[in-house]
Amino acid sequence: MQVKQILKLKGDAGVVTVAPGATLAEAAALLAERRIGSVVVSADGARPEGILSERDIVRELAQQGEGCLRRPVAEVMTRDVETCARADPADHVLARMTEGRFRHMPVLEGGAMVGLVTIGDVVKARLTELSMEKDALESMIMGH
């Protein structure tokens, strides 16, 4: 299975972004409103400059206290964003996420974001794939 198939299964909800100058409080409100675990930081909404997760905000709160919520996202975000392409195999994406210990990966095409996959998306797709393989093998064994 490829990333493009996962994106197709997810539908076209778009990539939720936040401007680098937005505050951590604004980003946290967006995460809560959308019920998501991360936002891509992007000035133009197309090219990722960083990524901010719930974990980043919690870590900053624990270290700096509630005053950190007035800080700009650009000061806290992860700058080295791991990305993938639509044609990438889901297994490779899952391995990169597991090894890097992150859960969200923007999908780029021509330098612009076309989607976002989560570790949950990739695991769900892989489980679906395994279930279909199991059913096919059982059918073959049963002679159907």
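Strands β4 (residues 104–109) and β5 (residues 112–118) run antiparallel and are joined by six bridges. Strands here are DSSP E runs of at least two residues, helices are H or I runs of at least four, and both are numbered from the N terminus. Two strands pair if DSSP finds at least two bridges between them. Leu-108 has Met-113 of β5 as its bridge partner. Two residues lie between the strands of this hairpin, and Gly-110 takes a positive phi near 65°.

This is a predicted model: local features need pLDDT of at least 70, side-chain atom pairs count only at pLDDT 80 or more, and totals for chains, interfaces and linings use all residues. Residues are numbered from 1 along each chain as its sequence is written, and side-chain values use heavy atoms, with hydrogens and water left out.

## Strand β3

β3 pairs with β2 (residues 38–41). The two run antiparallel, with four bridges. Val-40 has Ile-51 of β3 as its bridge partner.

In a regular strand, side chains alternate between the two faces of the sheet. Both faces of β3 are covered. Gly-50 and Leu-52 are buried on one side, Ile-51 and Ser-53 on the other. Buried means under 20% relative accessible area, exposed over 50%, and partly exposed in between (1.4 Å probe, protein chains only).

## Helix α3

Helix α3 (residues 54–64) buries Asp-56, Ile-57 and Glu-60. They sit on the same side of α3 because they cover an arc of only 95° around the axis, taken from the directions from the helix axis to the C-beta atoms. The cover over these buried residues includes α2 (24–34) and β3 (50–53); contact means heavy atoms within 4.5 Å.

Val-58 and Ala-62 are exposed on the face turned away from the buried side. Just after α3, Gly-65 takes a positive phi of about 85°.
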